[in-house]
Amino acid sequence: MSAAKDRMTDALYGLGWGVVKKLPEPVAKALGRTIADLVWKRRGKSVLRLESNLARVVPDAGPERLAELSKAGMRSYMRYWMESFRLPSWSRERVSDGVEIKDIAFMTDALAAGRGVVLALPHMANWDLAGAWLTRQGVPFTTVAERLEPATLYDRFVAYREGLGMEVLPHTGGSAFGTLARRLRDGGLVCLVADRDLSESGVEVDFFGDTARMPAGPGLLAQQTGALLMPVALWFDDSQVMRGRVYPPVDVPETGTRAEKTSVMTQAMADAFATGIAEHPEDWHMLQRLWLADLEPRADEPVGGPR
């Protein structure tokens, strides 16, 4: 049964990349909204988990407001997928015109000065589109990808992102950190989705008033290489343009052990994420358990799809 499910999952993603990218853009957008609304109406585990997470982000929201946010959140999530399936067929102009990032000079000025940069992002809007936008601007970067099952699905995502101009490293295997560090020491750019710890050995942070765990990697890389760590937020509006903001670099504490410095930097990163998410909660695609208080039991962990 597991093997059959894996084959079906791989086939569905393959169908998305093979068919959705050929649809006219208005048709693809309408299809995404229809699928999102159908999934939302079913009130499955992923939707309920999204609402539970949003309840922490917007603590004053009642059931009606949370339902509105989760519906908008599912539409935002499906916009991500419809755009991602179509990205390989977008022209350079369509990609360049489809993104607007405030304060991008924090990043470009550092890179121009030969300083490495770590951009850390939460699961907001469409980070693949942001990545494609960067490469179209002539800014190459390196990222990591979570190992997925089946392996053929992981290969699809790696090929997709490499086709957009990214250098993609596997999240597991032990060599990714060293490669990322080399890229940063050479004055390069590293982009990491960093609002959920996949190793279960991350840094505990206060996030919307409760304890969550986020990866130590961004803070450690900045300390060890002299690169600048910059949090980023992305969001959609009613236009075809995705918006974003680069926050000021996170300072490396002058005193403390490496672990203590990493803890302070990761908390500062989490605080920047919280600012962006609070301003655009419907564009935070966190359909999984995040806060430590929610991690048990895990048997019904919803699958939100690879990101």
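**Close-up views of a predicted model**

**View 1. Tyrosine 77 and tryptophan 81 in helix α4.** Both residues belong to helix α4, where they are 4 residues apart, about one turn of the helix. An α-helix has 3.6 residues a turn, so residues three or four places apart point the same way. Helices (H or I, at least four residues) and strands (E, at least two) are DSSP runs, numbered from the N terminus. This is a predicted model, in which local features need pLDDT of at least 70 and side-chain atom pairs count only at pLDDT 80 or more, while totals for chains, interfaces and linings use all residues. Residues are numbered from 1 along each chain as its sequence is written, and side-chain values use heavy atoms, with hydrogens and water left out.

**View 2. Aromatic pairs.** The whole structure holds 9 aromatic pairs. In one of them, the ring centres of tyrosine 77 and tryptophan 81 are 6.3 Å apart and the planes stand at 80 degrees, so the pair is edge-to-face. Rings of Phe, Tyr and Trp (its six-membered ring) pair if their centres lie within 6.5 Å; planes under 30 degrees apart count as stacked, over 60 as edge-to-face and the rest as tilted. A cluster linked by ring pairs consists of Tyr77, Tyr80, Trp81, Phe85 and Phe157. Tyrosine 77 is buried, at 6% relative accessible area, and tryptophan 81 is buried at 5%. Buried means under 20% relative accessible area, exposed over 50%, and partly exposed in between (1.4 Å probe, protein chains only).

**View 3. The largest nonpolar core.** Among its 96 residues, Leu119, Leu134, Leu189, Phe207, Leu234 and Trp284 touch the most other members. Helix α4 (residues 63-86) gives the most to this core, namely 10 residues. A nonpolar core is a set of buried Ala, Val, Leu, Ile, Met, Phe, Trp, Tyr and Cys residues joined through side-chain atoms within 4.5 Å. Leaving aside residues up to four places away in sequence, leucine 189 touches residues including Met107, Leu111, Phe141 and Thr142. Contact means heavy atoms within 4.5 Å.

**View 4. Helix α10 and its cover.** Buried residues of helix α10 (residues 217-225) are Pro218, Gly219, Leu220, Leu221, Ala222 and Thr225. Their cover includes β2 (117-121), α9 (176-185), β5 (189-193), β8 (228-236) and α11 (258-279). Glycine 226 follows α10 and has a positive phi, near 80 degrees.

View 5. Arginine 49 lies in helix α3 (residues 45-57) and is buried, at 13% relative accessibility.
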